[in-house]
Amino acid sequence: MENPAEEIKKRLDIVDFIGSFITLKKSGRNFKALCPFHQEKTPSFIVSPERQIWHCFGACSEGGDVIKFLMKWENISFFEALKELAQKTGVRLTKITFEDKIWKKKERFFTMNYLASEFFEYILHKTSYGLKALDYLKGRKINISTTKKFSLGYAPQSWDSLLKFLKRKQYEEEEILENGLIVKGERDNFYDRFRGRLIFPIKDARDNIIGFSGRIFEEKEKEAKYINTPETPIYHKRESLFGINLAKEAIKAEKNVFIVEGEFDVISPFQYGFSNFVAVKGSTLTREQLMVLKRYTDRITLALDKDAAGEEAIKRGMEEAERLEFETRVVIFDYAKDPDEAVIKDQIKFKKTLNKSVTIYDFLINASVKKYPYDDPFSKKKIADEVVPAISKITNPIIQSYYVKKVARILDVTEVSLEKLMKKIKQKNKQSSREFFIRKRGEKNSREIILEKYILSLIFQDKNPFKLADVVFSILEPTDFLLPSYQQICQVFLDFK
């Protein structure tokens with residue numbers, strides 16, 4: 001076929017295709033939606049069925065055909081998008097004459113990671129170096145079959161064993177460095193990033209290995225519990241979800257995904273037949289991760305750790321989920337600290353708990369009522385202060401009206417009083433946004449910036465910066481800092497961590 005791209009576009013209707021990813025609404029001869037590629041409140045994303053193209057008339061100004069949409073949506077190269085759509089439409093790719101340099105580089109890095117994963121697996125299962133790691137997994141009730149299903153491995157306590165292995169496979173030091181598998185020392189020497197750690201390969205939805213996470217299993221005071229692949233041409237932390245390759249079909253079948261914090265919170269449930277679990281790195285659910293999940297379901301259930309950090313993570317994730325029109329629910333295991341411990345303790349109770357999930361708004365209301373149980377106006381004010389800002393951000397008027405009525409009953413106040421409070425909150429948020437951008441443009445020595453500098457100084461001068469950073473960044477996000485330079489410093493530190 002001389003032009004497979006044109007044949008694909010003939011066989012795919014752009015409205016049906018894009019409509020399977022986002023909600024499109026008829027607007028004259030065209031369709032419109034909130035742009036999925038940048039945050040906005042007024043729809044500026046237009047799809048033309050006549051011309052079979054899409055365009056954003058908002059901040060990002062992106063546009064193109066179905067192939068370009070898939071490239072943007074999944075952050076993939078032209079050739080990757082072409083292959084996926086060809087498979088979907090039954091178009092045969094023959095005599096492809098163009099050279100996609102981006103795809104060639106990514107393909108080489110995928111292969112490199114596959115070889116590294118085989119190396120780590122071999123060390124775990126076939127050598128004496130992996131015996132302690134296998135014992136550790138056995139102690140956590142993970143069987144060999146599950147270990148192999150997730151391609152778990154072990155990085156030996158060696159400075160350059162992986163480096164030497166990959167060089168024998170005809171990879172250069174600079175490209176191994178760019179792929180995040182080695183580190184460059186102060187004397188321009190190279191050494192393995194992962195040493196003496198249990199290795200979890202991180203895969204994308206297509207089963208490509210995009211990066212790794214390494215966990216110590218013998219507590220060492222000066223070492224971070226986890227070390228992860230930094231940002232690379234193929235690994236982007238904000239887009240990755242551990243276990244998505246194994247969970248995607250179950251997510252589609254169940255029309256729901258359980259989102260957890262750690263790798264074992266995915267692995268243990270999977271071993272007992274609960275397959276629609278994925279994990280975020282850290283405790284923050286990002287817009288990019290939600291967009292990945294949007295391909296498979298409109299419903300997410302947060303099953304995060306039973307602590308204050310887990311509750312804060314739930315609150316942070318709800319706003320983006322609301323914007324992307326997810327039905328968001330929450331499940332709490334009251335008999336265990338996390339899903340890993342819960343499923344091992346009692347699989348029957350685990351399943352019953354999963355079936356008792358509540359909407360995120362009911363979760364916030366219940367948590368706030370438990371926190372302030374007294375029947376006095378000051379306790380009721382505190383409940384309103386925690387709950388009403390969340391309700392004010394609900395975009396669906398029917399759902400918002402339901403929760404206004406519910407909270408009014410709980411607080412024993414009129415719905416009108418809550419609606420007035422919601423209006424004040426929206427006005428205050430608009431004012432805060434204006435002041436935020438004003439401060440970002442000027443006032444370089446403002447009190448907020450001095451405090452941010454102080455926070456960064458505390459982290460970097462601490463004896464255990466990674467431990468302190470875990471506390472700080474369980475509350476803050478890099479984007480919470482006013483100066484772009486501070487945001488970048490935070491992001492680089494977290495990626496290295």
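1. Which residue is the bridge partner of Val330 in S16? It is Val358. Keep in mind that this is a predicted model. The two strands involved are S15 (residues 327–330) and S16 (residues 358–359). S15 and S16 pair in the antiparallel sense, over two bridges.

2. Now follow S15 to its other pairing. Strand S14 (residues 299–302) pairs with S15 in the parallel sense, and four bridges hold this pairing. Arg299 has Glu327 of S15 as its bridge partner. Ile300 stands opposite Thr328 of S15.

3. S14 also pairs with strand S12 (residues 257–260). These strands run parallel and are joined by three bridges. Look for Ile259, whose bridge partner in S14 is Leu302. As background, strands of a sheet pair through backbone hydrogen bonds, either parallel or antiparallel.

4. Tyr154 stands opposite Leu198 in S9.

5. Strand S9 (197–203) and helix H10 (244–254) each supply at least two of the lining residues. S9 gives the most, with three. By class, the lining has five nonpolar, two polar and two charged residues.

6. Turn next to the charged side chains. Side chains of opposite charge can pair when their charged atoms come close. The structure holds 31 salt bridges. One of them joins the side chains of Glu84 and Arg206, at 2.5 Å from N to O. Glu84 lies in helix H4 (residues 78–89), and Arg206 in the loop between S9 and strand S10 (209–215), so the pair ties together parts that are 122 residues apart in sequence. Glu84 is partly exposed, at 28% relative accessibility. Arg206 is partly exposed as well, at 31%. Both residues belong to a network of salt bridges that links Glu74, Glu84, Arg206 and Arg295.

7. Another salt bridge joins Lys406 and Asp362, at 2.6 Å from N to O. Lys406 sits in helix H18 (residues 397–411) and Asp362 in helix H16 (residues 360–371), so the pair ties together parts that are 44 residues apart in sequence. Are these two side chains buried or exposed? Lys406 counts as buried, at 18% relative accessibility. Asp362 counts as buried too, at 13%.

8. H16 takes part in one more pair. The side chains of Lys371 and Glu386 meet in a salt bridge at 3.1 Å, N to O. Lys371 is in helix H16 and Glu386 in helix H17 (residues 377–392), so parts that are 15 residues apart in sequence are tied together. Lys371 counts as partly exposed, at 41% relative accessibility. Glu386 is partly exposed, with a relative accessible area of 27%.

Definitions and conventions: Residues are numbered from 1 along each chain as its sequence is written. This is a predicted model: local features need pLDDT of at least 70, side-chain atom pairs count only at pLDDT 80 or more; totals for chains, interfaces and linings use all residues. Side-chain values use heavy atoms; hydrogens and water are left out. Ala, Val, Leu, Ile, Met, Phe, Trp, Tyr, Cys and Pro count as nonpolar, Asp, Glu, Lys and Arg as charged, and the others, Gly among them, as polar. Two strands pair if DSSP finds at least two bridges between them. A salt bridge is a side-chain nitrogen of Lys or Arg within 4 Å of a carboxyl oxygen of Asp or Glu. Buried means under 20% relative accessible area, exposed over 50%, partly exposed in between (1.4 Å probe, protein chains only).
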